[in-house]
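Welcome, and please open your viewer. We will go from stop to stop, selecting residues as we go.

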Amino acid sequence: MHKGNSEFMLQAIDLATENVTGGRGGPFGAVVVKDGKVIATGANQVTSINDPTAHAEVIAIRNACQELGTFKLDGCELYTSCEPCPMCLAAIYWAHCKAIYYGCSAQDAAKAGFDDQFLYEELKKSMSERTMPMGILCEQEALKAFEVWRESPDKVEY
């Protein structure tokens, strides 16, 4: 596997540190790179914009997609100051990035008060065993959207 580029990692780490010292949010920064060039960056904004999904990686992905005018980041690498949480990891996969490089581990994050282990454990459980109740409601009615999607000549597959 490619080892990544420490210059881009250091930029992600600087974003994380500046985010804290600037009072803008948590200690997380991310950089999206394509063909050796920074396309977009992001820093954690969870508390500054009251959005629990505004993690550095998600912000960087959103910014990169806007910059490139696409919802797929094929050929892009994502550098992040910390190992991605389950939500961010899923977003990176959905964006089709070709590689992820991170500075700190999930265990390092847990020591700083950002423990995602609960989420990893929840994902291993069956839906009936999860802490948050989940259940199907109005399934037949909801399937209509998939029918419309399958039949739509204008759909953009992803």
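Which residues line the largest pocket? Keep in mind that you are looking at a predicted model, then select Pro86, Phe118, Leu119, Glu122, Leu123, Arg130, Thr131, Met132 and Met134, which form that lining. The space inside the largest pocket comes to about 290 Å³.

Now colour helix H5, residues 117-124. With four residues, helix H5 gives the most to the lining of the largest pocket. If you colour the lining by class, you will find six nonpolar residues, one polar and two charged.

Next, move to the second largest pocket, which holds about 250 Å³ of space. Its lining is made up of 18 residues. To centre your view there, select Phe28, His55, Cys85, Phe114 and Asp116, the lining residues that lie nearest the centre of this pocket. Then highlight H2 and helix H4 (106-111), the elements that give two or more residues to the lining of the second largest pocket. Colouring by class here shows eleven nonpolar, three polar and four charged residues.

For the last stop, go to the loop between strand E2 (37-43) and helix H2 (56-68), and pick out aspartate 51. Is aspartate 51 buried or exposed? Its relative accessible area is 19%, and buried means under 20%, so aspartate 51 counts as buried. To see what it touches, show Val46 and Arg62 next to aspartate 51: these are its contacts once residues up to four places away in sequence are set aside.

Methods:
Residues numbered from 1 in each chain as written. Predicted model: local features only at pLDDT ≥ 70, side-chain atom pairs only at ≥ 80, totals over all residues. Heavy atoms only, no water. Buried < 20%, exposed > 50% of the residue type's maximum accessible area, 1.4 Å probe, protein only. Contact = heavy atoms within 4.5 Å. 1 Å grid on protein atoms, 1.4 Å probe; cavity = no way out; pocket = protein on both sides within 12 Å on 5 of 7 lines; lining within 4 Å. Points joined across faces, edges and corners; volume = space filled by probe spheres on them. Nonpolar A, V, L, I, M, F, W, Y, C, P; charged D, E, K, R; others polar.
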